[in-house]
Amino acid sequence: MKNLFTSLALLVILSGASMQSMAQQQRSQEFKDRYKLKEAVVLSRHNIRAPLSDSKSALGRMTPHEWNKWTAGKSELTLRGGVLETQMGQYFRKWAVDAGLFPENYSPTADDLNVIANSMQRCIATAQYFSSGFMPVGGVTVNHRYTPSKMDPLFNPQLTKVSPEFVETAMKQISDMGGKKGIVGINEKIRPDYELMIDVLDVNDSPMAKEKDPYLDAFGNYNTEIVLEKFKEPAMKPGSALKELNSASDAFILQYYEQPDSVKAAFGHKLTRKDWERLAHVKDTYQDVLFTAPIVATNVAYPLIQYMYDELRSPDRKFTFLVGHDSNLSSVATALGIDEYELPDAIEKKTPIGSEIVVEKFVGPDGKEYGDINIVYQSVNQLKNMELLDLDNPPVIYPLSLKGVNRNADGLYDMADILTAFENAIAAYQAIP
């Protein structure tokens, strides 16, 4: 029998192998005999949705081409997204049974299973599809605070502490991402990605170009202005390349996943996988700028950090499934002190569509608690081909490393060290002026 996550000791031994192949190695029976899985807390990004803007918006007018005919309204989960999330739930079902966390066809209680989603349609639907695959006869309740579609404060990546001192620190940390040139430097680093995006969009033949719309001036403006206001998400003022081309990057990513014909997804352009990564890199950069400056991440991630920490210490809980957004995953990872990483077999390199940060808690042979942190996601081929997932064809499982914390010979952390990472993030939030 096979199990879910990588033995990181094996990763060290097989250092000559690619990270992609190593990340999909399965834990051995010997490992499972030594460590009993006690609990898992999962923070998931929703699966494939329609773009946030429709064809009548600037997104539709910056290209002469028609975007994909989506199977859902703007911002809502698509039919493909529902199928893919059900398949992920079915995989976790196989894993949970194999790991001894739940028996087959288990009917959970409110004590041992908790499924909670942001009150946006795409998040509620993702949780529902996952639950149907995970426990198809379990009658799982998907908890959400409001009727769709509203932002729940638990998942809303809003700033709850803002002062002149906070803004000064945050802006310096963001500026440092671009080196000596600051914000302009961030934009200049991805200039080739902008140029590829403009070429694939065929902007010169677009309605905007024909009308000489001044909106297009934004594509050459690299002086992105950041807005940090209390009880609002970190944001960018309109009129810069990163702000305006982010929406096209987002739409291209979703169209690539949704459209089986990659040439058609690129409006007739023949792109390599590396080209698609470059188009996605614009959105990755947008996310990094807004949500991964350490003090910003600590601020916006606090509600989820506290909630996950409480779940990990709940004595009866076995499985927690939280469904939010890429901003939630990126800010939580930064707040916890996760080392920088770049994911294999993905065009989005940090938080691919439908990806999940999984925190596991084990009891070891010595009676002590141990833990692990991985990010789990469907590979590009699994997404595009809608491959069935099981223990023989798992999603990609990539280990996340806590800065300055060592694993044992079996590739696990002391659970106390993982809890300390959460406690440090909570303390860092409390220390924000």
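**Close-up 1. Helices that line the second largest pocket.** In this predicted model, helix H4 (58-61), helix H11 (241-258), H13 and H15 each supply at least two residues of the lining of the second largest pocket. This pocket has a volume of about 700 Å³, and 30 residues line it, with Arg49, Leu52, Asn246, Tyr286 and Gln287 lying nearest its centre. Sorted by class, the lining of the second largest pocket consists of 13 nonpolar, eight polar and nine charged residues.

**Close-up 2. The largest pocket and the residues around its centre.** The volume of the largest pocket is about 840 Å³, and among the 34 residues that line it, Asp288, Thr292, Glu340, Tyr341 and Lys350 are the closest to its centre. At least two residues of this lining come from each of helix H8 (182-189), helix H13 (273-291), helix H15 (326-336) and helix H17 (415-430). Helix H13 provides eight residues, which is the largest share of the lining of the largest pocket. When the lining residues of the largest pocket are divided by class, 13 are nonpolar, seven are polar and 14 are charged.

**Close-up 3. The packing of helix H7 against helix H14.** Helix H7, which covers residues 164-176, packs with helix H14, which covers residues 294-312, at an angle of about 120°, and the axes of the two helices are 7 Å apart. On the side of H7 the contact is made by Phe166, Thr169, Ala170 and Gln173, while H14 contributes Pro294, Ile295, Val296 and Asn299. Of the residues in this contact of H7 with H14, five are nonpolar and three are polar, and no charged residue takes part.

Close-up 4. Valine 263 belongs to helix H12, which is formed by residues 262-265. The relative accessible area of valine 263 is 33%, so this residue is partly exposed, a term used for values that lie between the limit for buried, under 20%, and the limit for exposed, over 50%. If its neighbours within four places in sequence are left aside, valine 263 is in contact with Gly268, His269 and Lys270.

Terms used
Residues numbered from 1 in each chain as written. Predicted model: local features only at pLDDT ≥ 70, side-chain atom pairs only at ≥ 80, totals over all residues. Heavy atoms only, no water. Axes fitted to C-alpha atoms, helices over the stretch in contact; angles between N-to-C directions. Helix = DSSP H or I, 4+ residues; strand = E, 2+ residues; numbered from the N terminus. Contact = heavy atoms within 4.5 Å. Nonpolar A, V, L, I, M, F, W, Y, C, P; charged D, E, K, R; others polar. 1 Å grid on protein atoms, 1.4 Å probe; cavity = no way out; pocket = protein on both sides within 12 Å on 5 of 7 lines; lining within 4 Å. Points joined across faces, edges and corners; volume = space filled by probe spheres on them. Buried < 20%, exposed > 50% of the residue type's maximum accessible area, 1.4 Å probe, protein only.
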